[in-house]
Amino acid sequence: MVCLPFARRRLASGLAIALVWVVAFPSYAGDEPVSLDQAIRLGVAQAPLLTARDADIEAARQEAVRAGRLPDPSLTFGVSNYPVTGPGAFRLDADTMTMRTLGVAQDIPSHASREAERELADAQIVAATAERTVTAQNVREQIAEAWIGLWAARQKRDLLTALREQSKLAVKLTQARLRGGEGSAADALAARVDAASLDNRLAAVDAELAAAQAGLQRWLGEPVAVLGEAPDFDRLPVASTQLEQAIDRQPPMQAWQAREEVAQAALTQARAAKRPDWSVSASYGRRAPGLSDMVMLQVGVSLPLFTRNRQDRGVSAKQAQRDAVQAAHEDARRAQREAVARTVANWRGWGEQVARYRDTLLPLGRDRATTALAGYRGGGSLQPWLDARRDEIELRLAYADALANHARLWAALAYLLPDAETTP
């Protein structure tokens, strides 16, 4: 039997945990429209990958706190001048030089070494932060891809669903002419085949919808019943010229800049190894009763005398690694500039295709099918309508694909800069 105070404590604890969950991981009502920006905000707020990157940053910060500090001192104790032969062998009071010693030793790395260690730790924080920025961009792009995939699938379904009425009308017309003795059974069957083929297309799109819904649910935690209005995919939140000029501010380039800082800090640390390190030790020696106790103080210094095959080799290795990172950074910068230019060109090209489909090809395809069906109603052949119908379906599917490609390229450019720089 659970006592009431304990039950109340458990209830309060559960409510507190639920409140923390709601604050840390915002969600949405299943029947509310979810726009692209809202989906990205919700998905980023609860992305496990970003939680992992935050933990990496915290780990780097904790390492930076201890960087450059003196190592722990050492406690020494023992016996010195202990006789092991002769009449007083193995006796502590047989020889006046025998002492029991207790001391402390402290290694003191050079100031340059400790500063280099701090510099490297700071560079590791910058690198972890840059990796977090890259991960955030990847997460935003994947959420945008999932949202656009669902949006495009629904656009495709709407485009095909709009053809159902004409299919039903064609089936009725062929059956009416068959009953009137003017049509043929082949035309009636062809119209029914066309209607069934359209249903098959819709079933395939429904499967795409289910898959796209699962893709977006991965990031939001719940299925999305209603999508909000899509953004204007014909206009970027940041001018394309600004994107091409802001290469170094883009997340992939920030990561390369951080790698270069880490390589430079490692080179500085290798150069600091040529500076001598120090050590200090002090001990107290207790001798036999009646004899004077003794104190020992020692100062040591390392002697980097043979640097040619030791420290200089390390410096040369770190120098080569730094140069390699710099060269790779420049290559990545050129590749990123090319990728942005290609994406902008493809986005514009798909935008022109979308406009041509919307303004010219789809209206012409619709008018062609309507005219052909009207001709059949007036006594003509059904084949022109079947041909026009097939072409119109393909036009609508191609238009839906063009919409998706255009939107995906837009997202790849719209979320290329950090959040603060992508505000329209």
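**A tour of the sheet and its nonpolar patch**

Select strand S6: this strand gives the most to the nonpolar patch, with 3 residues. Strands here are DSSP runs of E, at least two residues long, and helices are runs of H or I of at least four, numbered from the N terminus.

You are looking at a predicted model, where local features need pLDDT of at least 70, side-chain atom pairs count only at pLDDT 80 or more, and totals for chains, interfaces and linings use all residues. Residues are numbered from 1 along each chain as its sequence is written, and side-chain values use heavy atoms, leaving out hydrogens and water.

Now select the patch: Trp278, Val280, Leu297, Val299, Val301, Leu303, Leu305 and Phe306. Together they have about 870 Å² of accessible area (Shrake-Rupley method, 1.4 Å probe, with only the protein chains shown counting as cover for residues). Patch residues have over 30% relative accessible area and no salt bridge; nonpolar side chains (Val, Leu, Ile, Met, Phe, Trp, Tyr) are joined within 5 Å, like charges within 9 Å. A salt bridge puts a side-chain nitrogen of Lys or Arg within 4 Å of a carboxyl oxygen of Asp or Glu. S5 and S6 each supply at least two patch residues. Leu305 sits in the loop between S6 and helix H9 (311–377).

Next, show the open sheet. Its 4 strands run in the order S2-S3-S5-S6, with antiparallel pairing (pairing takes at least two DSSP bridges between two strands). S2 (74–80) and S6 (294–301) are at the edges with a single partner strand each, so one side of each has no neighbour in the sheet.

Finally, pick S3 (99–108) and S5 (278–286), paired over 9 bridges. Leu102 stands opposite Tyr284 in S5.
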